[in-house]
Amino acid sequence: MTRTVLITGATGTVSTALMGRLQGADADLRALVRDPAKADAARAAGAEVVAGDLGRPDTLGPAMEGVQDVWLLVPNGPRAPEHSMNALWAARRAGAERVVRLSAVGAAHDAPTRSGRLHALSDAETQASGLEWTVLRPMWFMDNLLGEAAEVRASGGFGMDMGQGRLGMVAAEDVAGCAARVLADPPGVHAGRTYTLTGPESLSLAEAAERMGQALGRPVAYRPVSPADKRAALLAVGADEWIADMVGEYSAAFARGWGDFTTRDAERLLGRAPQGVADFARAHAAAFTG
């Protein structure tokens, strides 16, 4: 039986990749967007585009009609639990059956980041929602390195404020692949499961830079910078203060070794090893080399 899947966060990296992965699966895709004019990728994936805003619950009812599965991805920010709550409320009222939620690594009420603590609130509400649920908690995305691509092109390296901390970073494309596996499998297979998604190895950013250089055929250097300098750089490119502070909290936690682990959850869901940093760099070579 074909199931209708509502995709939230439909213009973002993970959700766009997820829709591509679900093309050809036994699913009718429906993409929830605030601005349908910006939903070309969703249309290209064969999704029906519907207008709605997770911050305005009155807009969500029509989008949820006839939906069995909800892919729940809400933007980071102080209103994240409210947006998740609104989606769950609308899904229950519409008779949806299953929710697959994108959380964050280490989400807990005592997490060292405000994002992790907010994700913990939404995870708990999801688990108490009465819907069948699965939670995905990805490690720091390799895709964050693309934000440093201009610096890599210009100077052969990049600066970040994680010191020598090691982390099991994961590619967003692999996170999307894991989500696609969960949504393509029949209800019940992943019910009540929380998966922590990492890449194949835990690396410092210096080691990651070395892997990138080997893949690109040119040296890439990692330059540790101070938290204050990184925060200023984020604000200079338009990040708001809440996001800049949240990123700083994650960086401080990773610098202390908070992300120094890997799991096999992504490998089991993908049916293959997740891609490493060298694989990621090769796939995005044009961005890093120009």
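**Exercise 1. Determine the volume of the largest cavity and describe its lining.**

Solution. The largest cavity has a volume of about 40 Å³. A cavity is a set of points on a 1 Å grid over the protein atoms alone where a 1.4 Å probe fits but cannot get out, and lining residues have an atom within 4 Å of a point. Grid points are joined across faces, edges and corners, and a volume is the space filled by probe spheres set on the points. The count comes to one cavity of 30 Å³ or more.

The model is predicted: local features need pLDDT of at least 70 and side-chain atom pairs pLDDT 80 or more, while totals for chains, interfaces and linings use all residues. Residues are numbered from 1 along each chain as its sequence is written, and side-chain values use heavy atoms, with hydrogens and water left out.

Next, the lining consists of V74, N76, G77, A80, R101, S115, L118, H119, S122 and W242. By class, four of these are nonpolar, five polar and one charged; Ala, Val, Leu, Ile, Met, Phe, Trp, Tyr, Cys and Pro count as nonpolar, Asp, Glu, Lys and Arg as charged, and the others, Gly among them, as polar. Finally, α5 gives the most to this lining, with four residues.

**Exercise 2. Characterise helix α5 and state what its buried residues pack against.**

Solution. The expected span is 1.5 Å times one less than the number of residues.

Buried residues (under 20% relative accessible area, 1.4 Å probe, protein chains only) in α5 are S115, G116, L118, H119, A120, S122, D123 and T126. These pack against α4 (80-94), β5 (98-102), β6 (132-138) and α10 (241-255), where contact means heavy atoms within 4.5 Å.

**Exercise 3. Describe the second largest pocket.**

Solution. A pocket is an open set of grid points with protein on both sides within 12 Å along at least five of seven lines. Helix α9 (residues 227-236) gives the most, with four residues.

Conventions:
Helices (H or I, at least four residues) and strands (E, at least two) are DSSP runs, numbered from the N terminus. Buried means under 20% relative accessible area, exposed over 50%, partly exposed in between (1.4 Å probe, protein chains only).
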